Each structure stands twice: as structure tokens, then as C-alpha cells.
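Please open the model in your viewer and keep the selection panel at hand.

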Amino acid sequence: MINLQFGILTSFLCLIGYFFAWRSMNRQQFGMAIALLVVCGLLLRIFVATDLFLHPWDERFHALVAKNLMNHPFLPTLYENPVLPFDYKDWFSNHIWLHKQPFPLWSMALSMKVFGIHEITLRIPSILISSLGILVIFRIGEYLYSKKTAFIAAFLFSIHGFIIELTGGRDATDHIDIFFLCFILFSIYFSIQFIRTQKQVFNLLTGICIGLAVLSKWLPALIVFPIFFMLLIDSGRFKMGKILRILMLCFIYASAVALPWQVYVILSFPAEAKWEYAYNFLHITEPLNHLNLPFYYHVDHLQIKYGPIALVAVIWYIYKTLKKPRNYKRYALVIWILIPLVFFSFVKTKMQGYTLFIAPPIFLITALFFQYLWICRKRFKYRFIPLILIFLLFFLPLWQTVERTKLFTNHDRSPAWVREIKSLKIPASQKPLVIFNAQKPIETMFYINCSAYPFMPDEGTVDQLKKEGYEVMILDR
């Protein structure tokens, strides 16, 4: 019942905030309008991020590794103290954990170091950068098109249910994909600032953000370079030789950020690093984890994540772009969408978060399509058609937000299993603790400083661990 009350209050505040944001936009008060969008988006993200448990997909692993990184930032571990034999290739239960790039994990570790170990504090970095993304997409849209287009795109970013859900850790790839999305977005923003000012500091910041995107989710971050290339050509301020030098410098900056970690893990953990890089490549050639989905999966999911009218808008935009082949700004957005879609369609392992970073251009295109429908509505033979499309452009994303955020459900924010773990009576001993028969061993190790295993040990194992100086605790389930 508490969740329902919290959801109603959040919805009420956001409805008021979004109403005044739109009114401010119509009065050309864009500073106030964007500030309200950011505040409302922040409220929605806080609402989702206040679940008092770790979510069962990837978040529990990211949380535990981040907790361990608090004590040794350059030694990523899952099982901090693996008292039993393990397979270093099994990222569900190994010791050195290189399954994900480190920057989001470092950010979560820093947040917990500052604010304490808690489910909400580990989500603070995702909440903050996701909310900042609302402002950044506005700045990008303002440069590419107009303030009104930018405002609508920022509104769609603010309310997008899947982004909000990932910010709260509720779906697979969670904070990793949020960081990746936002640093791609920040890279494009700083590249635009470089084009506007020609100050090298912005090219440096572009490279740094690309490097941090690589340190969030690897090489798809390179999508920024062809987008940057198109924007440089579109500006008309640079000859081809200078454009290539700018991009080369940007690549050097990005490499200086991303490469040291790759070299470090290869030298420090050669077996684990070799396996993880090979495993990353296997995602391309094999359907891992039973994710054998059809070729058109990601295209089909566009209409699920953004609404079927957004898919129509993308097709409309590509058609308009092909009619004006020298409009390089348009090609920048088309590249931002099509290259990832085509690439990940050929990748054998498919997950919905893989193409999340194409959300910003989809929001911008949807905003343009809305304006086209509104301005040209009288040209349609049946004038109710554009009005229906406009309604669906906004209703479907709002409906998805309500569905994904569970604003009006009795969502259990503190289920029995987490209360059970938090209430365990831990022996008052200085010995390192090992817990057996734990229903949720990863979560148990996050809440309790121990090594936890989901099975019952034999007597020989217990005796051996006690001889080695461990405190052994076996849960009765």
C-alpha cells in the first residue's frame, strides 16, 4: 500500500511539473521549462530507485562487485574470499570479475563509500547522470533543430519508461547501459560545443566521454566518430584534412582514457582477461544464455520501447533524409540509429538494452514528426489522422512509463527474502564467515560480509573450513 501512495504522490507532482513545463515552453521560457523536466524526471527516477532490495538480473552482481571495489578499486572481485574451488570462466560465481568494464562499478563504489552501503546509494550515479541526460539532449536538439524540438525530445527522455527502469536497476544490464547511453550523449554534446567554439578543450572532453563510454560498455562507443564526422562536415567550417586531424586527436584522447585498463587487466589477470574478451566476441557469433532471437528483434523492439508511431517517425525521417542528400545533420542522426541497429541485428546474442543508446536520436526524430504532423495537419485529406498520430505519440510513451515504473501497483519494495537476510543473527566472532544453504548467495554477500554458497556442505568441508579459521553458518530452509 505504501508503494501505491508513493506512486500517486509522485504522479501528482510530476503532472503538475510537466504541465508547467509545457506552459513555460509555449511562453518561450525554455530555462524554466527544462528545469521542470529535469526535476520531474528526477522524481520518477527516485521513485523507481527506492526499491529496498537488489534486483535479480544483473544488478545484484554489479552491486556486489562495486561493494568490493570500495576496498581495492583495481581488483574487481565477485567472491571476495572464495573459500571453495571455483571456475574463473563462470562470471556467476568466480573471484576476479571482469565481466563488465569498470567505470559504472567505480562510480557505484564511490557513491557507497561516501553515503554508505545501501541499495539506494549504489543507484545514485545512474539517477544523476540519467537526469542530466534530459538537459544534454535538449542542448543537442537545440543545435540540430530548434528549442521546441529539443524540448519535446527532452520530455520524451524524461518520461521514458525503459530508461527509468534501468536507472533503478530493475532490468537486465541496468546501470551499465545507463552509463553507456549517457556518455554517448555527452560525447555528442561536447563535439557540438567544439564545432561551435573550435576550442580544443571540447574535443578533449569528447574524447574523454568516448573513453568513459568504452569503459562502460566497450567498443560500440566508437559510433560517436562517424556522427562527429557528419557534424563537422555539416558545419562548413573545416576542410577535410583538418576534420581528419580533429578526429585523430579525439581518438587519441579516448584511447588514453580506455586503453590503460585493458592493458592492466591483461597483465594482471591474463587468464580471466583472455576469457572475457573471447566471451565478448562469442556474443557476436553465438546465441548465449538461450537468447536465440530472430534477426529483426531490435527493429521489432523499437515499436515496443518507443511506440509504433516512433517507428513510423524513423522511417519518415530516413525518407526525408534521402531526399536531401547534403543535409549532414540528418545523416548524423540516421547513422546514430542505423549502424547500431544493423550491427546488433547480425549479433547472435540479442538483449533489449544493447541498442538503448539510439534512444536520443529516436526522441529527436519523434519530436520532429510531431511538429510535422501539427504544422501540416490541414493538408491531410482526413484531418483526424494526424491528430490520432499526435495523440499516440505521447499517450503510448506515457502508458509505458506507468507500466514499467509500477506507479499505481502494490509493488513490494522490501520482499520477505531481503528482510530475512538483513535479520540474520551473525555470530559475534572475528573469524571470517562462510554461510551455506543461502537462498540468494550474491545478495547475502552484499548485505553481510561473508562468503555465501547456495548448497549444503558435507561434514568434511565444514571441518576443513573450521581448521582453517573460518566461522561456518548453515541456514535452515
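In which loop is the place of Thr173? Select Thr173: its place is in the loop between helix H7 (161-167) and H8, where helices are DSSP runs of H or I with at least four residues, numbered from the N terminus. This is a predicted model, in which local features need pLDDT of at least 70, side-chain atom pairs count only at pLDDT 80 or more, and totals for chains, interfaces and linings use all residues. Residues are numbered from 1 along each chain as its sequence is written, and side-chain values use heavy atoms, with hydrogens and water left out.

**Around helix H8**

Thr173 has a phi near 70°, a positive value in a residue other than glycine. Thr173 is buried, because its relative accessible area is 4%; buried means under 20% relative accessible area, exposed over 50% and partly exposed in between, with a 1.4 Å probe and protein chains only.

Next, select His175, which lies in helix H8 (residues 174-197). His175 counts as buried because its relative accessibility is 0%. Show its side chain together with that of Ser126: a polar contact of 2.8 Å joins the two. A polar contact is a pair of N or O atoms within 3.5 Å; within protein, one must be able to donate a hydrogen and the other to accept it, and residues adjacent in sequence count only if both atoms are side-chain atoms. Leaving aside residues up to four places away in sequence, His175 also touches others, including Glu59, Met108, Arg123 and Leu166 (contact means heavy atoms within 4.5 Å).

Then go to Gln198, in the loop between H8 and helix H9 (200-217). Gln198 is not a glycine, yet its phi is positive, about 60°. Gln198 counts as partly exposed because its relative accessibility is 39%.

**The cavities**

A search of the whole structure finds three cavities of 30 Å³ or more. On a 1 Å grid over the protein atoms alone, a cavity is a set of points where a 1.4 Å probe fits but cannot get out, and a pocket is an open set with protein on both sides within 12 Å along at least five of seven lines; lining residues have an atom within 4 Å of a point. Grid points are joined across faces, edges and corners, and a volume is the space filled by probe spheres set on the points.

For the largest cavity, of about 80 Å³, select its lining: Leu98, Lys100, Gln101, Trp261, Val265, Ala273, Glu276, Tyr277 and Asn280. H12 gives the most to this lining, with four residues.

The second largest cavity holds about 50 Å³. Its lining includes His160, Tyr306, Phe363 and Pro397, and the largest share, three residues, comes from H16.

**The largest pocket**

Finish at the largest pocket, with a volume of about 940 Å³. Of its 37 lining residues, Lys217, Asn280, His283, Phe344 and Tyr354 lie nearest its centre. H12 gives the most to this lining, with five residues. By residue class, the lining divides into 25 nonpolar, eight polar and four charged, where Ala, Val, Leu, Ile, Met, Phe, Trp, Tyr, Cys and Pro count as nonpolar, Asp, Glu, Lys and Arg as charged, and the others, Gly among them, as polar.

Key
Helices (H or I, at least four residues) and strands (E, at least two) are DSSP runs, numbered from the N terminus.
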